[in-house]
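Here are my notes for someone opening this entry for the very first time. Keep the viewer at hand and take the points in order.

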Amino acid sequence: MLALEKFMFLPVFILFINLFVSGLIINVIQLLLWMCVRPGSPWLYQKLNYYLLYVLWTQIVFIGEWWSSSTCAVLTDDDTWSKMGKEHAIVIMNHSFEVDWLMGWMVCEQSRLLASSKVFIKKSIKWIPIIGWAWQFGEAVFLERNWEKDKVIMGKQVKNLGDYADPVWLLLFAEGTRFTPAKHAASVEFAKKSGLQPLQHLLLPRTKGFLLTVEYLRGRFPAIYCATLAFNCKEGATPTLKNMLLGRRVIGEMLLERIPLEDVPENPQEASKWLYENYHHKDRMLDAYKKEGAFPSADSFGKNHHFQGPIRSHFRPRRLWPVIIMLATSYITLPPVLYALYALFCSGIVNVLIAVSLVLAVGYALYKLVALTRVSKGSSYGRSSPEKKIS
């Protein structure tokens with residue numbers, strides 16, 4: 001079994017070489033557009049950068065959709081499904097597993113918004129070559145986890161998202177970090193001290209970032225998509241990036257409710273209460289899913305929901321674009337790279353060492369990418385005072 005896993009990582013290693021080389025080329029083009037096009041025409045810059053980001057992000061979505069044949073069905077009403085991809089939206093999603101973000105990207109690809117998805121992400125990732133640099137040029141919102149600094153950054157960058165001509169989705173993990181038992185214990189302790197009801201399957205959300213986001217996008221973004229993500233581990237593999245890289249199918253199901261942004265109270269205290277109630281609703285949905293193996297129907301919600309009709313399972317067939325882009329970029333990048341490595345291996349000992357170092361560097365980068373997604377590598381939430389970590 002271990003030998004088979006190593007064999008499965010070989011083509012992934014080759015694909016990662018393609019991602020690394022094509023990503024650096026895209027970063028250079030993005031830099032040129034940032035310097036030459038963006039000052040004169042932000043609109044044209046966004047249009048051109050959209051296609052560059054799509055070429056890059058589809059190579060990662062390829063791992064989920066095609067290499068591992070993973071799926072993520074969206075359970076929502078027909079009216080919401082028809083609007084997905086055609087309007088600006090804040091997407092509030094639970095952060096329970098290490099591939100939540102990839103499942104989110106797969107839903108974005110279904111909605112034709114992969115390159116228009118924006119995220120809040122920690123500043124340390126900003127300087128990681130390829131992905132971090134692409135997010136910089138893609139105008140992602142980088143946070144330092146220092147509220148005095150972050151509120152200035154958010155105020156400037158979030159406000160700019162409302163000026164995009166094409167639909168944008170802003171993904172918000174309101175917990176601020178992934179779920180772990182230690183972080184959950186800290187969340188429960190804080191809830192009890194604050195007179196709040198603890199959550200069973202989620203962490204209490206942080207409210208400051210949410211409140212500021214809603215303040216700047218009210219009247220500019222029409223809706224919030226309340227997305228509750230769960231995984232079918234009976235029929236699919238455990239939701240880890242390693243399993244996906246090994247070609248194991250992960251099955252996700254996303255219950256998505258469209259809520260008009262105007263329904264969020266303008267009063268900060270009431271808006272915070274609204275967010276807490278939203279997460280309690282998510283928690284109940286996850287509890288039902290874990291017990292019954294499926295989300296409840298809209299009828300079981302009574303009148304306290306925004307579904308415009310029966311909840312159905314929606315899924316658009318995967319597009320061929322990720323395959324076409326993967327083949328095209330591989331055709332451009334892999335022959336010269338493999339030939340250069342071959343030439344180095346066939347020359348003197350110094351060049352052989354250089355070639356080995358390059359291969360090891362790419363392997364280490366792939367290892368760090370996998371390690372970056374592991375829950376154990378999350379934030380320090382739960383290892384310090386929860387009052388400082390939860391708003």
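This is a predicted model: local features need pLDDT of at least 70, side-chain atom pairs count only at pLDDT 80 or more; totals for chains, interfaces and linings use all residues.

1. Helix 10 itself covers residues 268-292. With its 25 residues, helix 10 spans 36 Å from the first C-alpha to the last, close to the 36 Å expected at 1.5 Å a residue. Have a look at the other end too: at the start of helix 10, a side-chain oxygen of N267 comes to within 3.0 Å of the backbone nitrogen of Q269.

2. Most residues other than glycine have a negative phi. I130 is not a glycine, yet its phi is positive, at about 75°. You'll find I130 in the loop between strand 3 (117-122) and helix 5 (131-137). I130 counts as buried because its relative accessible area is 6%, under the 20% cut-off.

3. E139 goes with that point. Its phi is near 60°, again a positive value in a residue other than glycine. E139 sits in the loop that runs between helix 5 and strand 4 (141-143). Is E139 buried or exposed? At a relative accessible area of 15%, E139 is buried.

4. Next, strand 1, residues 71-76. Six of its six residues are buried, and the cover extends to both faces. On one side are T71, A73 and L75, on the other C72, V74 and T76, all of them buried.

5. Which strands does strand 1 pair with? Strand 7 (residues 251-260) is one of them, joined to strand 1 in the parallel sense over five bridges. There, A73 has E253 of strand 7 as its bridge partner. Strand 8 (residues 312-314) is another, running antiparallel to strand 1 and joined to it by three bridges. For an example, follow V74 across to its bridge partner H314 in strand 8.

6. On to the aromatic rings. How many aromatic pairs are there? The count comes to eleven. Take Y50 and Y51: their ring centres are 5.3 Å apart and their planes meet at 85°, so the pair is edge-to-face. Y50 is partly exposed, at 25% relative accessibility, whereas Y51 is exposed, at 54%.

7. F97 and F231 form another edge-to-face pair, with 5.2 Å centre to centre and 80° between the planes. This pair links distant parts of the chain, since F97 and F231 are 134 residues apart. F97 belongs to the loop between strand 2 (89-93) and helix 4 (100-110), and F231 to strand 6. F97 is partly exposed, with a relative accessible area of 29%, while F231 is buried, at 9%.

8. W57, W101, W105 and W135 are linked into a cluster by ring pairs. R318 lies over the face of W66, 3.7 Å from the ring centre. The charged end of K282 sits over the ring of Y279, at 5.7 Å from its centre.

9. Last stop, T240, in the loop between strand 6 (223-231) and helix 9 (241-245). Why does T240 count as buried? Its relative accessible area is 19%, and buried means under 20%, so T240 qualifies. A polar atom of the T240 side chain lies 3.1 Å from the backbone nitrogen of N243. What does T240 contact, leaving aside its neighbours within four places in sequence? E98 and V99 are the residues in contact with T240.

Technical notes. Residues are numbered from 1 along each chain as its sequence is written. Side-chain values use heavy atoms; hydrogens and water are left out. Helices (H or I, at least four residues) and strands (E, at least two) are DSSP runs, numbered from the N terminus. Buried means under 20% relative accessible area, exposed over 50%, partly exposed in between (1.4 Å probe, protein chains only). A polar contact is a pair of N or O atoms within 3.5 Å; within protein, one must be able to donate a hydrogen and the other to accept it, and residues adjacent in sequence count only if both atoms are side-chain atoms. Contact means heavy atoms within 4.5 Å. Rings of Phe, Tyr and Trp (its six-membered ring) pair if their centres lie within 6.5 Å; planes under 30 degrees apart count as stacked, over 60 as edge-to-face and the rest as tilted. A charge sits over a ring if NZ of Lys or CZ of Arg is within 6 Å of the ring centre and within 35 degrees of the ring normal. Two strands pair if DSSP finds at least two bridges between them. The expected span of a helix is 1.5 Å times one less than its number of residues.
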